[in-house]
Amino acid sequence: MKTSFATLALGLTALASTAQAACPTDLEAAAVAAAIVARQPVVAPAGEMSVEDGLCGRDKVLRFLAQTYGEAVGYKAGLTNPAVQKRLNYNAPLRGTLFKSMIVADGAEVPAAFGTRPVFEADLVVEVGDPVRLAKAATPQEALRYIKSVRPFIELPDLMVDDPSRLGGAMLAMINVGARLGVLGQPIAARHDKALAEALATMTVTIADEAGTVIDSGKGSAILGNPLNAAIWLAQDLARAGTPLKRGDLLSLGSFTKLTPPKPGMAVTARYEGLPGNPAVRVRFR
């Protein structure tokens, strides 16, 4: 399979000029996946893609990525924060897939050049308890009944293209919403009560450097009014797609802070003031 992956990717260049606006071909998807794996800038398929085309291409790209990255352990909701939507020129959430090899532990050290256009952001992960009922939840408080734990998370996404300012919804979908790495903190047991649901909306999330200087901060409500709404959206989006969640899946809910490029020698900590114990998660860049 790996040989065919490379062959398909190499064959794209000669065919790209004749591509039409439609679901990207297997050759185009293979070329995108090959660039992602090689940490090289991704070149968009020829022609104007609709978001539907990008989503169709994403599903093909994921099949190629799985050959290298292996087991999927969850999903990410991208563009759940209006500020990030504005920067990336698309005003609705998008779904990506998280592979096991992308997840590293709290305190990990990773290369500053972990991707083509690497950035970091304060995020949040929930672990799915009851996937069927989560997809039917009507409110954040109800969703808590079907979530096992909440976990601090620094996402390390990769914008993956030469000029991220031109990265719209269609191409962002096709590059798996920039999923590259993420630093996973310790679990907080999900209490099925109003207080925790409200705390997730009212908490203040900061990301700071090693000296304690705050790089950026945001409220929990920056993600769809309450980050648990992103968990509901993911569960429903996957159910509509015919690939429902599984118990234990990890859901990355979106960005509370701006996308910031890392530098070698930098260490950052994301802290969640207002959650039980004011938890934190940390990463260092080499």
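**Salt bridges, disulfide, sheets and cores**

Colleague: D162: buried or exposed?

Modeller: D162 is exposed, with a relative accessible area of 56%. Buried means under 20% relative accessible area, exposed over 50% and partly exposed in between, with a 1.4 Å probe and protein chains only. Bear in mind that this is a predicted model: local features need pLDDT of at least 70 and side-chain atom pairs pLDDT 80 or more, while totals for chains, interfaces and linings use all residues. Numbering starts from 1 along each chain as its sequence is written, and side-chain values use heavy atoms, leaving out hydrogens and water.

Colleague: Which side chain does D162 meet in a salt bridge?

Modeller: That would be R117, at 3.3 Å from N to O (a salt bridge is a side-chain nitrogen of Lys or Arg within 4 Å of a carboxyl oxygen of Asp or Glu). D162 lies in the loop between β6 (147-156) and α7 (169-174), and R117 in the loop between β4 and β5 (121-128), so the pair ties together parts 45 residues apart in sequence. Helices (H or I, at least four residues) and strands (E, at least two) are DSSP runs, numbered from the N terminus. R117 is partly exposed, at 30%.

Colleague: How many salt bridges does a search of the whole structure find?

Modeller: The search finds 15. One of them joins D158 and R180, at 2.8 Å from N to O. D158 is in the loop between β6 and α7 and R180 in the loop between α7 and β7 (181-184), 22 residues apart. Both D158 and R180 are buried.

Colleague: Nice. What about R282, which residue does it form a salt bridge with?

Modeller: With E210, the closest N and O atoms being 3.2 Å apart. Since R282 sits in strand β13 and E210 in the loop between β9 (204-209) and β10, the pair ties together parts 72 residues apart in sequence. R282 is partly exposed at 31%, whereas E210 is exposed at 51%.

Colleague: Switching topic: how many disulfides are there?

Modeller: The count is 1, formed by C23 and C56 with their sulfur atoms 1.9 Å apart; the cut-off is a pair of cysteine sulfur atoms within 2.5 Å. C23 is in the loop between α1 (2-15) and α2 (26-38), and C56 is in helix α3 (residues 51-69), 33 residues away.

Colleague: And why is that disulfide called left-handed?

Modeller: Because the torsion about the S-S bond is about -80°.

Colleague: Back to β13. In what order do the strands of its open sheet run?

Modeller: The 5 strands go β4-β13-β12-β9-β10, with mixed pairing; two strands pair if DSSP finds at least two bridges between them. β4 (109-110) and β10 (214-219) each have a single partner strand, so one side of each is left without a neighbour in the sheet. β4 runs parallel to β13 (residues 280-285), joined by 2 bridges, and V110 stands opposite F285.

Colleague: Which residues touch the most other members of the largest nonpolar core?

Modeller: L134, L251 and F285, out of 53 residues. Such a core is a set of buried Ala, Val, Leu, Ile, Met, Phe, Trp, Tyr and Cys residues joined through side-chain atoms within 4.5 Å. Helix α9 (residues 227-240) gives the most to this core, with 8 residues. A second, separate core has 36 residues, including L159 and M171.
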